[in-house]
Amino acid sequence: MVPPPPSINLKKSSNPAAVAAQDARLLVRETMRISAGLASAPPDCGNVSTSVAGSDTRKLGLVEDEFVSSSLRLICCEEFDGRRWQYVAESDSASGTFKKGSFRALTLQTPRAPLDELMSFVRSYVVPEGFPDSVTPSYVPYMTWRALKHFFGGAMGVFTTQTLLNSVGVSRNRATPGAVAINWILKDGAGRVGKMLFARQGKKFDYDLKQLRFAGDLLMELGAGVELATAAAPHLFLPLACAANVTKNVAAVTSTSTRTPIYKAFARGENIGDVTAKGECVGNIADLLGTGMSILISRRNPSLVTTFALLSCGYVLSSYQEVKSVVLHTLNRARFNVAVESFLKTGHVPSLQEGNRNENIFSFPWLKERPVVLGSRFKDAFHDPGAYLAVEPFFERERYLVTYNPSKGKVYALLKDQAKSDDILKAAFHAHVLLHFIHSTYEGRTLSQKERKDGDSINVPASELEAHISESCKIVSTSFGIFKHKAAEQRWIESTSLIVNVILLGLPQKYSWKRF
């Protein structure tokens, strides 16, 4: 058994008070010396860790060299939430154990400056834990533009609320409290109805979430404009306020429904709840700041038209940049079009950042004027049975069929029965290849009146159409595998299964068909 280290010999005094005072001074002096020594050479501790000295050569396994001549013994070191502590206790030389009640913690870091403390406090509310490693690089620009958008939105809310109250008659005492309450309840009830009706958009909130998010913000500004219009026509308060509330509630549904997929794109690991909470906190802080600024401005009675124009421009611009900064890994129609067009022109598939940056935010899902129609109905793709019989042999071994309808100037992709995810992806790729082939063929020549139909529609003769389809089949058979491989390298498609994400392209599967 290793003998206990020598203790400090003190001259005993007959006065108990003097002994106690001397012991206290000794304890303070030793504590300060130990803290200074440990702070100059901090131990290597983990994120939340506790280390104990070896037990083979030291008393109870707890003694370090710098404590040999001291009655204090190091127990362990601890690091938690970026802060470090040393736990020590006073040994009893007589019994070889520790004195009762002598266990204490010594902090190893110097006090931080007030500004650092303030920044740490703010960071705990606005950025997720582990930032920046816990989120993707696109998180910062998204939150920056989101904060600006909410700032302008909060500022706009002050003026719209003030206008509504003036129009309903509260500030001018032109209506009884009962009538005011009824009008306000009807306004809110109409908004809830609009919120329920817009929920039928369904999967569009998943695969066209950027377009819907931006469209929702445009509707939010439209609703604010209608609310401000009540100042010019107070007698039309109820219909205008109801229309405005319906519009704003539709925008609210869009924002709520697209929030989770966007935050999920930022999260690294299982921290989507933390990312969501911090994102909403950023929005609320910016909204409060905008509200406070608008209250100060409203006291000067500025022009509503000028104020609305400036705040709306800031809101819409911030909203556009907000959705453009989101980097999604899934393929929707807009991003798929960017990927295929880049591959056909350059032979390369764009990266996730480039594909999202070049995505058309204004291609709203309810717009019907698209050059490529995926999952179309048979009657829309073919104007007569002969057109179908002419192209059907080219796709006998495929689970889809692609054709061009000259009367509508669009390429249609029809899905056969039992079409799988890979077949859907190939059909979409083939449709874009055929459209690119037709446009490149007729782009450099002047079209006659027979070759050109309504607008930019190209009237391709049946014989030439069959040749184009045959050529496109050869191109697809050799290039589709290359496209999938390069898309997998850019992380557009899961490389293990080579299946496009479940979001796919928003195809209406109910239009699948089979030949009898």
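Two strands pair if DSSP finds at least two bridges between them. Strands (E, at least two residues) and helices (H or I, at least four) are DSSP runs, numbered from the N terminus.

The model is predicted: local features need pLDDT of at least 70, side-chain atom pairs count only at pLDDT 80 or more, and totals for chains, interfaces and linings use all residues. Residues are numbered from 1 along each chain as its sequence is written, and side-chain values use heavy atoms, with hydrogens and water left out.

**Stop 1: E3 and E5.** Select residues 83-92, strand E3, and residues 104-107, strand E5; four bridges join the two in the antiparallel sense. Within this pair, look for Val 88, which has Arg 104 of E5 opposite.

**Stop 2: E4.** Now select residues 97-98, strand E4, which is antiparallel to E3 with two bridges between them. Asp 92 faces Thr 97 of E4 across the pair. Four residues separate E3 from E4 in a hairpin, and Gly 96 in the turn has a positive phi of about 75°.

**Stop 3: Arg 335.** Move to helix H10, residues 333-346, and pick out Arg 335. Is Arg 335 buried or exposed? Arg 335 counts as buried because its relative accessibility is 2%; the cut-offs are under 20% for buried, over 50% for exposed and in between for partly exposed (1.4 Å probe, protein chains only). Show its contacts (heavy atoms within 4.5 Å). Beyond neighbours within four places in sequence, Arg 335 touches residues including Tyr 207, Lys 210, Glu 359 and Trp 492.
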